[in-house]
Amino acid sequence: MRLGIAADHGGFELKEQMKEDLKTLGREVVDYGAHEYVPTDDFPDLVVPLAQAVAQGEVDRGIAFCGSGVGACVAVNKVPGARGALITDPYSARQGVEDDDMNIICLGGRVTCYALAWELIQIFLRASFKGSERFKRRLGKIKALER
């Protein structure tokens, strides 16, 4: 699985930690930035290219960080084909993929501790879309909204 990862200043430290840990699992990680800590950067400039890469199939899934995770979530969902959610618990990390085909997990670098973030990311990466008829029907309605 090829992963994309991006963060603004609020999620930069957590992104850097996760990037290294994901590599130890043998994951290919594409870093969309920030590549250095810049306290005045803006999350849309960093997470939108990640969302575009996910939507275009350049990477299989994405991990987006900002301070709270909320802004990153709002931004990635403006890109048609990107389905991101702010995840704070293990159930949602799994269910978001299985039922809603979530392809981007959004996390808050200032509100999610390292251990929980690592657990949520691993659950997100292990999950797969169930693809049952009712879930496909719902995704079709979302795709219609994007048009």
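I looked for disulfides (a pair of cysteine sulfur atoms within 2.5 Å) and counted zero by this rule. The model is a predicted one, where local features need pLDDT of at least 70, side-chain atom pairs count only at pLDDT 80 or more, and totals for chains, interfaces and linings use all residues. Residues are numbered from 1 along each chain as its sequence is written, and side-chain values use heavy atoms, with hydrogens and water left out.

I checked C66: its closest cysteine sulfur, in C106, is 7.6 Å away, too far for a bond. I then checked C106, which is in no disulfide either; the nearest cysteine sulfur belongs to C73, at 4.5 Å.

I looked up burial (buried is under 20% relative accessible area, exposed over 50%, partly exposed in between; 1.4 Å probe, protein chains only). C66 is buried at 4%, and C106 is buried at 0%.

V70, V74 and L86 make a nonpolar patch of about 230 Å². Such patches take residues with over 30% relative accessible area and no salt bridge, nonpolar side chains (Val, Leu, Ile, Met, Phe, Trp, Tyr) being joined within 5 Å and like charges within 9 Å. A salt bridge is a Lys or Arg side-chain nitrogen within 4 Å of an Asp or Glu carboxyl oxygen. Areas come from the Shrake-Rupley method with a 1.4 Å probe; for residues, only the protein chains shown count as cover.

I noted that V74 is partly exposed, at 48% relative accessibility. V74 sits in helix α3, residues 70-76; helices (H or I, at least four residues) and strands (E, at least two) are DSSP runs numbered from the N terminus.
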